[in-house]
Amino acid sequence: MQGTVDGFSYGAVTPLAAYLMACLGGALGLRCTTRALLVSHSRRPAWLALGSAAIGSGIWTMHFVAMMGFAVKEAPIHYDKPITYASLGLAIVMVGVGIFIVGYRGATGAALFTGGTVTGLGVASMHYLGMAGVRFHGRFTYNTLTVAASVAIAVVAATAALWAAGRVRGFLWSVGASLVMGLAVSGMHYMGMAALGVHLDGHSHAVGGAPEPSVLVPMLIGPLVFLLLAAVVVVFDPMMVMGRPVRAPVERKPGVPAAAVVSHLDRRPALHEGRRPEHHGSRTP
């Protein structure tokens, strides 16, 4: 028996809320990644890890906020919690792999392509693993071409986001990049949902509909709290918000353009404190 899918049980509320979550996670992740490219080698992993967790949590939260409006009219739906949380872990890990590649190799060439592909596949994998955690009296089927289109959207969006993290400077430019990233990630989600078909097991007499908010909200609390804490870190770090290089010297890293920018900006004339330098060539870049 063919089931009837409704992806907008609450109208435009869930798509808009999901889009905002994707934008929030993307903005925090992009700023953390940009910050990682402007600091010393020893501090870089911490910023990259925070950016990975922010993007992964934002995408996962977007997915399940959107799923609040998803319903099968002929059958009630539930969620398998272990699989649902596994999709969150998968998103963070695969996004992290892509971000670390770009963070250490630069947002250019093969590193950008590899990092964007891994990150995009992580986004798509999170989506379809999350859908595998949906439980009802039936099964999902997917249109192969539409699924491929959704994966392609995820890869392109991830590549563009990582490019922006490595190249874009300034708060307003980063906000614009996060808005585009949120649109692409939300588009990937709804493209994946458009590929969905529902087959019910026999004739169900149960009343279907969207799950109660009490089903998904408890699972969303942890990622939401994390995103709020990451936002606090961004707000209280002006360098991260504005995308400006730090004053401290930064090691030169091959393929990381931000390090070269920092080294260039840190070249200042020596202060004259009543005496001249002993050697004209003794200035430190």
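**Exercise 1. Describe how helix H2 packs against helix H4 in this predicted model.**

Solution. Start with the elements: H2 covers residues 44-67 and H4 covers residues 109-132, where helices (H or I, at least four residues) and strands (E, at least two) are DSSP runs numbered from the N terminus. Next, take the geometry: the two helices pack at an angle of about 40 degrees, and their axes lie 10 Å apart. Axes here are lines fitted to C-alpha atoms over the stretch in contact, and angles between N-to-C directions run from 0 to 180 degrees. The crossing of H2 past H4 is right-handed (the near helix is turned clockwise from the far one by less than a right angle).

Then list the contact (heavy atoms within 4.5 Å). H2 contributes Ile59, Trp60, His63, Phe64 and Met67, while H4 contributes Val123, Met126, His127, Gly130 and Met131. Finally, sort by class: 7 residues are nonpolar, 3 are polar and none is charged. In this scheme Ala, Val, Leu, Ile, Met, Phe, Trp, Tyr, Cys and Pro are nonpolar, Asp, Glu, Lys and Arg are charged, and the others, Gly among them, are polar.

The model is a prediction in which local features need pLDDT of at least 70 and side-chain atom pairs count only at pLDDT 80 or more, whereas totals for chains, interfaces and linings use all residues. Residues are numbered from 1 along each chain as its sequence is written, and side-chain values use heavy atoms, with hydrogens and water left out.

**Exercise 2. Determine why Leu48 counts as buried, and state which residues Leu48 touches.**

Solution. Locate the residue: Leu48 belongs to helix H2. Leu48 counts as buried because its relative accessibility is 0% (buried is under 20% relative accessible area, exposed over 50%, partly exposed in between, with a 1.4 Å probe and protein chains only). Leaving aside residues up to four places away in sequence, Leu48 touches Thr33, Ala36, Ile99, Phe100, Gly103 and Tyr104. Of these, Phe100 is 52 residues from Leu48 in sequence and 6.4 Å away, C-alpha to C-alpha.

**Exercise 3. Classify Trp163 as buried, partly exposed or exposed.**

Solution. Trp163 sits in helix H5 (residues 144-167). Its relative accessibility is 44%, so Trp163 is partly exposed. Between Trp163 and Val102 there are 61 residues of sequence separation and 8.5 Å in space, C-alpha to C-alpha.

**Exercise 4. Summarise the protein chain as a whole.**

Solution. Count the elements: the chain has 9 helices and 6 strands. Then consider burial: 47% of the 285 residues are buried.
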